[in-house]
Amino acid sequence: MLDLGTKRKGEVLDSALPDPSTSPTSKRFKSEPKHSPHRPPIPRELSHQENTEDVLAFSVDECVRVDDQSPSKTAGEKALSEPDGEWVKVPTDEPETPTASKEYRRLSYLDQMDHIITAVREDESHLLDEHDRVIIAAYDNLPEDAKELYFKLLNNRTLKYERIDKFNYPYIENLDSAVQTLKMVEFLDDTGPDDLDGWMSLLRRDELVDMAKDRRISPTGKTIDDLRDAILKSLRNQPLLQFFGGSGGSRAEKTFLLQVQRRIGKVIKITSPPRSTFHRLFIIYNRTREWPEDDKFMTNSILTNLRDNARRFPTYRVYRTSLIWPTREDMLSYVRLLQLEVRVARIMEKNTEEGFREVKEIWRECKGEWEECVGEGRGHVTEVPWFQVFTPGWVLTRIMTTCAHALFRLKEYALQVELLQQLLNQRLFCLAKRGKWYDDLVRILHNYVDQQQAADVCCLALEDPFLQTGHRSSIQKRLRRLYKGKMKPAMVDLGKPGKITEQTIKAVKTFSEANRKALWQGDNEQDVNVEELCLQYYRKDGWKGFHSENSIVTTLFGLLFWDIIFDDSVPGVFSSPYQVAPLDLHTEFFYEARAGKIEQRLNELDAGEHLRIIGEVDERERGFKTLCQGVSWKNFTKEDIVEIAECIGGPALSRICRLFAKTYWAHAGGVPDLCIWKPETKEFKLVEVKGQGDRLSDKQVVWLEHLVSFGLDAITLHVVQPKSIVKGKGR
């Protein structure tokens, strides 16, 4: 039997949320250095002439920080109190209009790097050692061309060698000089690969084709790997003519290697120690929660500078605390485990038994460390609940979850059950994953261990406040199946499954192929997907509509709760000017930190204030297309959103928004495919479309049941072929 434990200090037991995509630019943010060459110093007397509310209307490039004269604070006071300093408007001739927003001067890549370095060096210097400081000082002293090149290489390149002739950086005036400078400070290595295979991997296809033809190898039908292998095989099948002394490989290979090197030219790669230092800087500054794909830590800030795709980020105050990682050792442990987590994920992606066994060994190595974190039984040192996501125990718990799946793939069910029970017996880390742990555990117990144990765990799960959406539905269905057997029912009231309206329409399928989306005959005999077919069906009856899925409800939530989402009074949730959401939005701590404001807003929606709130936010932000997670300016016009909100009504919107405010991570998927409405009659429907043979997922069932319970019309629409048509036309 599982021990559900007791609530500990700083723990949340009644709601949770998901993971954000950090990245955006704030209009109020700590600008470093204070007197940038891109901004003139601001006279001190201006600092008291602007109202704080006025400052909120200006872009990041119009605002700089003027330090106040209050006594200096300790690290703890600075971390957990109101941010100090004032924010003033820089005089500008540009009007604050949507058309002018794209022309705001943006921080260059190098300014952004300098800002990151300065922020970490000033606010969290305890996380840097002497080696880091030497590397940062070396970077500070680089000429601009070398800095530009290193920034590009750091964000876009791995630790593999690359050809210099591939680089296309017209803004770097002297590429060779920049390379030599970076080589001198040991930021780059230009020695090249150690063997012929490494050099061959740098050849382009056209070069491989030419070399294959020289060796009378036909390139027809061969991939790059095939060409490379064929050339090497041809070379190594030649008689070996050893150098004097019998070492150093064949004369043929040596001669061929020189040919390859001449063809390729200069190569470089970034070196590991400086790269690791800068990666840690990015993690510290951005409060990185997961290791980014392809190690691209700066993607969002780079996109901010693309003039053709300029991004506008919300208004908030960047509020940094030095206590996320109290010691350098805490930070290093966190970074080490982030790297281990991504390594485990990449091993699992290979989907091989050898990989699963490797992950099992990682589990054995990490098990003791994780159990120690759980045994300590404490949250973050600051007792700010959501800061727990930056502790080693939190990352280790995610790794343990992946290891449990590896044990399942190895059919080591007893070990998997043991691990899942350990995960469920703690209530400190990753509470939002409890639904997955319960679901996996009851599935294993039901199918491979003992049905009575499975039923007992189902009953415990249904009492857990963190069991959400699809997982709750899945466990309820499993318990109903267990009840149909000859076993004693547990004392749990499952209630009756919600009644979901179902309809069926008939249409001709024109294309069907495995792993490809089917096509149907729509209006004017045009081929359309099943969602467009259903929209055409409803339009004939006067409905307006979109194939929107989650985007309509996430857009409504974002607009209705914009000011609460970007409330910068919550400690540490905005640590960078490049965020589309607070760092805790996708955690179980979002609601608790803002409960009073959220409940007040829900009451306003119940009272019918929804159209006013949407109108104000839309009017202020649409012209700039300000980024906010879940909000889609492109898909919905203001007229669409207002009509939809009016048809849904304030009370139903209030109940939908409560789901997102409490458990965003659990409700951001599974919303029905189609959103349709009639503005004249205030009718509204959400429609889940299913082609022939498709079934509702547990998440979809839960959303449909939620919507019906909120008084909304939610249906499942099945599309089938007429009985006279046995097979769709192939194409």
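Modeller: Start with helix α22. The cover over its buried residues includes α23 (562-565), α25 (595-606), α26 (610-621), α27, α28 (650-667) and β11. Helices (H or I, at least four residues) and strands (E, at least two) are DSSP runs, numbered from the N terminus. Contact means heavy atoms within 4.5 Å. Buried means under 20% relative accessible area, exposed over 50%, and partly exposed in between, with a 1.4 Å probe and protein chains only.

A word on the source. This is a predicted model, so local features need pLDDT of at least 70 and side-chain atom pairs count only at pLDDT 80 or more, while totals for chains, interfaces and linings use all residues. Residues are numbered from 1 along each chain as its sequence is written, and side-chain values use heavy atoms, with hydrogens and water left out.

Helix α22 is mostly covered, with ten of its ten residues buried. They are S551, I552, V553, T554, T555, L556, F557, G558, L559 and L560.

Two packed helices are described by the angle between their axes and the distance between the axes. Helix α22 (residues 551-560) and helix α27 (residues 638-648) pack at about 90°, their axes 11 Å apart. That makes α22 roughly perpendicular to α27. Axes are lines fitted to C-alpha atoms, for helices over the stretch in contact, and angles run from 0 to 180 degrees between N-to-C directions. Angles under 35 degrees count as roughly parallel, over 145 as roughly antiparallel, 65 to 115 as roughly perpendicular and the rest as oblique.

On the α22 side, the contact uses I552, T555, L556 and L559. On the α27 side, the partners are I641, I644, A645 and I648. The contact residues of α22 with α27 divide into seven nonpolar, one polar and no charged. Here Ala, Val, Leu, Ile, Met, Phe, Trp, Tyr, Cys and Pro count as nonpolar, Asp, Glu, Lys and Arg as charged, and the others, Gly among them, as polar. An α-helix has 3.6 residues a turn, so residues three or four places apart point the same way.

Two other helices in the cover, α25 and α26, also pack on each other. Their angle is about 115° and their axes are 7 Å apart. That makes α25 roughly perpendicular to α26. Residues R601, E604 and L605 of α25 meet H610, R612 and I613 of α26. The contact of α25 with α26 divides into two nonpolar, one polar and three charged residues.

Next, the sheet that holds β11. Five strands form an open sheet in the order β6-β13-β12-β11-β10, and the pairing is mixed. Two strands pair if DSSP finds at least two bridges between them. The edge strands are β6 (501-506) and β10 (544-547), each pairing on one side only. Neighbouring strands of this sheet are turned by 25° against each other on average, direction ignored. Strand β11 (residues 674-678) runs antiparallel to β10, and four bridges join them. In that pair, H547 has L674 of β11 as its bridge partner.

Helices lie across this sheet. Helix α21 (residues 530-539) lies across β6, β10, β11, β12 (683-690) and β13 (713-720), at about 115° to β13.

There is also a hairpin of β7 and β8, with two residues between the strands. Strand β7 (residues 509-513) and strand β8 (residues 516-521) pair in the antiparallel sense over three bridges. K509 stands opposite W520 in β8. N515 takes a positive phi near 65° in this hairpin.

A second sheet has three strands, in the order β3-β5-β4. It is open and its pairing is antiparallel. β3 (162-163) and β4 (188-189) are at the edges, each with a single partner strand, so one side of each is left without a neighbour in the sheet. β4 and strand β5 (residues 267-270) pair over two bridges. L188 stands opposite I270 in β5.

Now the cysteines. A disulfide is a pair of cysteine sulfur atoms within 2.5 Å. By this rule the count is zero. The sulfur of C458 is 6.8 Å from the closest cysteine sulfur, in C459, too far for a bond. C458 is buried at 0% relative accessibility. C373 is buried too, at 16%.

Last, the whole protein. It has 29 helices and 13 strands. Of its 731 residues, 52% count as buried. Among contacts with a separation of 6 or more, 74% join residues 24 or more positions apart.
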